[in-house]
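Subject: Structure for your review

Dear colleague,

Please find the structure below, with its sequence. My notes on it follow directly after.

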Amino acid sequence: MDTLKSKGTSWGWRVSIFLFCVVAAVSGQIRYSIPEEMRKGLFVGDVAKDLGLDVKRLVSGRARLAIDDDNQYVALNQNKGHIVVNERIDREKLCAKKSPCSFSLEIVLEDPLELFSITIEIQDVNDHAPAFPKKEINLEISESTPTGTVFLLDSAADPDVGINSLQSYSLKANEHFVLKQHARADGSKFAEMILQSGLDREKQSEHTLILTAVDGGEPQRSGTVRIHVSVLDANDNAPVFTQSLYKVSVFENVLRGTVIAKVSAIDADQGYNGNVTYSFTHLEDSSCPFEINPYTGEVKLTGDIDYEVLPNYEINLQAKDPWGVMGASKLIIEIADVNDNSPVITMASYSGRISEDSTPGTVVALISVQDKDSGKNGQVQLNIDENLPFKIKSSLRNYYALVTEQSLDREKRSKYSITLTATDEGLPALSSIKTVVLDVTDINDNAPAFSQSVYSTQVMENNPPGVEMLQIHATDPDQGQNARISYLLIDGEVNGNPVSTYFSIDTESGVIHSLRSLDYEQVKEYKIRVKAQDGGSPPISSNATVIVHVQDQNDNPPQVLYPVQTGGSLVAEMVPRSADVGYLVTKVVAVDVDSGQNAWLSYKLQKATDRALFEVGLQNGEIRTIRQVTDKDAVKQRLTVIVEDNGQPSRSATVIVNVAVADSFPEVLSEFTDFTHDKEYNDNLTFYLVLALAVVSFLFITCLVVIISVKIYRWRQSRILYHSNLPVIPYYPPRYSDTLGTGTLQHVYNYEVCRTTDSRKSDIKYMPPMSQSLVSVDDAGTETLQNGEQSSAVSRMSTLVS
């Protein structure tokens, strides 16, 4: 036996080395055939080549094997596209006597999802020798047993199949017995020993025979058993069963201890020789779930029976009298299937999440549903709730695909609890429920939304830089980074400057700050555009308008426009002595750049030479006489008017108005030229005139030398340039107003000057002043020239210039 095992092991290695695979592609299926007992890592088949797939596709698709059984007999090498042995395969353990022996698996590819079915057939290897259930067979045979009597022998068991299974029996040569072999309907063989010559107990009471069982493998394996024959005294009738074949059917869920059959045999002998005992013979499996009462012939269930494991049992019956004379029959027990297995739901491929932009028809999961029952008991339907946007599509061999039926929206529903119900068609039907949770992942499909499209706020002018004005807020129904909102200012200009120089916005909180002090008098209202942008890729944004109203503050005092206050000369308003009550002397004109009540002005007479002579209109600033002017009133009147606004606190400005009460200019001049600094002014004037004359003389000589030098240089370069016509460049200065003049007598002089590049050809023209209704006296007491004197002076000036 050890030699046979050694040879069998050697043969197994040779099979592993000379491995062969048979590939058959039928309707998208692949079939491989390999011998059992292959060591781990040996090659089974090149699925990448046989399926026409690129190895890169296996890697990128995260190819894996989906095997129904818990045993992972084979594994997938993604890098080569090969299926290799993962663990030792025992065909006898996997399939017992079933032939051909195979198991199925699927290759699952993801992204996109693909499914390929593969069947691997396991070929038998002669790794078992035939073995008898006992080491010795004891037979008691009466000497009166007639020749030709058949003695059933225990069969040898060989778990191998085909040619490797038990093929024949042989009996060691002897003079009394010969061996006859028989084959059952299932192909198994058993042997009968036939008495070919009568026994004589007196000559030999015991016989020892050797029964050998051999298989057809290469190398051949065998097993032996010793047959001990005890010769009994005469008993000339053998028990006979009432039926040559007993057949019963029992459900697989029958309880242990249940009597499922009763057999009986009759022995024609009487008395002690007619006592019959029953037993099973030819049992190839010691774990038989049945037993027979040796005295009553009742067959009881003692173990578990399962239709899915073995659908029927074939048992040999033996009836034996006390003298060892036996009769034989057969009992066939058929196992009826019961719907005792609920469907098993397995998630073959399931990630638990799906993007909300998935199109209808997207595969969510690949589901395997298995039911070990047969017939209708094993036919399964898989269903889900009808109110969900998903549906079930059947796939290959008990596989189902869960696909989307409608478009998804995470903002409406972000999670689905899907209940899978698998129900078979048995009576009563059995079902299994499995609940899976599917999360809908977010995409950036919603723009941030402001709480209002236009925001308005008010801020007081002269605000400190950095003051918070208002906070804007936007919401985004998306999730995560897609809902993270940043607030930004949209580029724009305010008074020609970027808006970012005036305002800033906190990108996280949306708080808008003023970067500088605002001035109501410059800009009363700011309109800025803000943007809320999410953190998606690409980002989505929306805009809103923020209006900032600047509130006025009383930060500007009134400004007096008339009369203009100067320090160079004095201007007086003339009032004739014949003026009546209410005579309009002049009007103080003032403005306030503030607004509202901050710009409401009121006029008051603060000081006056004679307060009883003049008054100021509170609202209009008109200065009028309040009584008749008399000869006793002083010629020179000085009024101080204060202008106040209505702000809180109020601001004010003062203006001095000089009034000359006289009927003629000489009278006015005699009064306004009386100053103590006349002599000082004349001395200073003489000094300045001498200094100016010296400077002008120096400049004249210098310019003359420069001009002569330039002329000589140009004459040498080109005589044409010397004779060319010089262009005349006219110059018209704007109208000049003497800022020292106030009142109605304006010192306005107009000059029209024409200059050329040749100073010898320049000219100046004087135009008389527009109005001379007032007397103007400067601080030194020098009066302004009148019409005739001015004309003479201008004539003399023109002569000097020429």
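Cys288 counts as buried, at 19% relative accessibility; here buried means under 20% relative accessible area, exposed over 50%, and partly exposed in between (1.4 Å probe, protein chains only). Cys703, by contrast, is partly exposed at 43%.

The model is predicted: local features need a pLDDT of at least 70, side-chain atom pairs count only at pLDDT 80 or more, and totals for chains, interfaces and linings use all residues. Residues are numbered from 1 along each chain as its sequence is written, and side-chain values use heavy atoms, with hydrogens and water left out.

Disulfide

The structure holds 1 disulfide, a term used for a pair of cysteine sulfur atoms within 2.5 Å. Cys95 and Cys101 form this link, with their sulfur atoms 1.9 Å apart. The angle about the S-S bond is 70°, and the link of Cys95 and Cys101 is right-handed. Both Cys95 and Cys101 are buried.

Confidence

The average pLDDT of the chain is 80, and 82% of the residues score at least 70; pLDDT is the predictor's confidence in each residue, from 0 to 100. Over residues 721-802 the pLDDT is below 50, and this stretch has 124 contacts in the model beyond near neighbours in sequence, where contact means heavy atoms within 4.5 Å. Residues 1-27 also have a pLDDT under 50, and the model gives them 44 contacts beyond four places in sequence. Where pLDDT is low, the predicted coordinates should not be read in detail.

Salt bridges

How many salt bridges does a search of the whole structure find? The search finds 19, a salt bridge being a side-chain nitrogen of Lys or Arg within 4 Å of a carboxyl oxygen of Asp or Glu. One of them joins the side chains of Glu114 and Arg57, at 2.8 Å from N to O. Glu114 lies in strand S8 (residues 114-123) and Arg57 in helix H3 (residues 55-60), so this pair ties together parts that are 57 residues apart in sequence. Helices (H or I, at least four residues) and strands (E, at least two) are DSSP runs, numbered from the N terminus. Glu114 is partly exposed at 27% relative accessibility, whereas Arg57 is buried at 17%.

A salt bridge also links Glu92 with Arg91, where the closest N and O atoms are 3.5 Å apart. Glu92 and Arg91 are both buried.

For Lys415 and Asp439, the closest N and O atoms of the salt bridge are 3.9 Å apart. Lys415 belongs to strand S31 (residues 415-424) and Asp439 to strand S32 (residues 431-441), so the pair ties together parts that are 24 residues apart in sequence. Lys415 is partly exposed, at 48% relative accessibility, and Asp439 is also partly exposed, with a relative accessible area of 29%.

Backbone geometry

Glu37 has a further feature: a positive phi of about 65°, although it is not a glycine. Glu37 sits in the loop between strand S2 (29-35) and strand S3 (43-46) and is partly exposed, with a relative accessible area of 22%. Asn495, likewise not a glycine, has a positive phi of about 55°. Asn495 is placed in the loop between strand S38 (493-494) and strand S39 (497-498), and at 54% relative accessibility Asn495 counts as exposed.

Two cis peptide bonds also deserve mention. The bond from Asp111 to Pro112 is cis, with omega near -5°, and Pro112 lies in the loop between strand S7 (101-109) and S8. Gln648 and Pro649 are likewise joined by a cis peptide bond, with omega about -5°; Pro649 is in the loop between strand S51 (636-644) and strand S52 (652-661).

Surface patch

Which residues make the nonpolar surface patch of about 660 Å²? Phe687, Tyr688, Leu691, Val695, Phe698 and Leu699 do. Patches are made of residues with over 30% relative accessible area and no salt bridge, with like charges joined within 9 Å and nonpolar side chains (Val, Leu, Ile, Met, Phe, Trp, Tyr) within 5 Å. Accessible areas come from the Shrake-Rupley method with a 1.4 Å probe, and for residues only the protein chains shown count as cover. Leu699 is found in helix H6 (residues 678-717) and is partly exposed, with a relative accessible area of 46%.

With kind regards
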